[in-house]
Amino acid sequence: MLSKETPHSYCAAAVRRADPDRFLCALFAPAAARESLFALYAFNLEIASVREVVREAPLGSMRLQWWRDAIVGMQLGRVAKHPVAEALAAAFSRSRFTVDSFESLLVGREFDLGDSPPETLDALINYVDQTSVSLVTLALEAIDVAKGAAFSAARHVGVAWALIGLLRAVPFHARSRRAYLPRDLMKRHGVTYTALFDLRPQPGVRGVSRELLILAEDHLRQARSLRADIPKNAISALLPAAFADADIKCLNRASHDPFDPRVARRGIGRQCRVVWRGLAGRF
């Protein structure tokens, strides 16, 4: 961190650079909660990128344990020397976070350190619950939203957002010889991981993608069925639903093919339009 940067500005810059969708969503949160959201999302970036910055799984486990210890320390008033840890510690003092959700995030990221894909769709959903759903729930807590309809919607939004994000990331993961497409769906559609990793076209990939898209669409419908009971200040934490919806439409136009170049294409103009539509429709 540069000496002129505060922990908050460091986190905001990191999220703006590496997670622009959530950065835009956070801008529409109540002003008092934005610093906590940027700290939370920067923490998520730190643990989500562990697999990309270490060469061996044990080193990744050590990094995740460092964060686990840092969070325990925050509850005891000890702050680790790291800009994200410092910002997150300040967020802890302002917000009533559920600590178990942080542990869930860390456990989910431990799965990332391995090379095996999820065995079943249920295993994939469990991973999504640990990572994406926990993060949306913590975002609501950062905004000081009490449990209720917003938390029920958070689960649906988190699942839909993560499934679509993993589909968009299929080419990236395949180039690294990794996959999050579950074995049972791959087998059902006659897809081999070898061909996937070699980036060879396989019609079955579209079948796997279509099943996950249908599931994501169903979760978005369930989330939106709760809109009437969700307080206005919770909307920013649920706005990723708008991005998931836009990406579903893009994947459908691409015939469910995650390798279609249109799927990866994103621009700031499109992102802003998606956010405004999400706000107008209450996500």
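**Exercise 1.** State which residues line the second largest pocket, and describe that lining by element and class.

*Solution.* Arg224, Ala242, Asp245, Ala246, Lys249, Arg253, Arg270, Val274, Arg277, Gly278 and Phe283 line the second largest pocket. The model is predicted: local features need pLDDT of at least 70, side-chain atom pairs count only at pLDDT 80 or more, and totals for chains, interfaces and linings use all residues. Residues are numbered from 1 along each chain as its sequence is written, and side-chain values use heavy atoms, without hydrogens and water.

Step 1, terms. On a 1 Å grid over the protein atoms alone, a pocket is an open set of points where a 1.4 Å probe fits, with protein on both sides within 12 Å along at least five of seven lines; lining residues have an atom within 4 Å of a point.

Step 2, volume. The value is about 210 Å³, taken as the space filled by probe spheres set on points joined across faces, edges and corners.

Step 3, elements. α15 (240-253) and α17 (268-280) each supply at least two lining residues (helices are DSSP runs of H or I, at least four residues, numbered from the N terminus). α15 gives the most, with five residues.

Step 4, classes. The lining has four nonpolar, one polar and six charged residues (nonpolar: Ala, Val, Leu, Ile, Met, Phe, Trp, Tyr, Cys and Pro; charged: Asp, Glu, Lys and Arg; polar: the others, Gly among them).

**Exercise 2.** Describe the largest pocket by volume and lining.

*Solution.* Step 1. The largest pocket has a volume of about 1100 Å³. Of its 31 lining residues, Ala18, Arg22, Ala48, Gly165 and Ala169 are the closest to the centre.

Step 2. α9 provides the largest share of this lining, five residues.

Step 3. By class, the lining of the largest pocket holds 14 nonpolar, seven polar and 10 charged residues.
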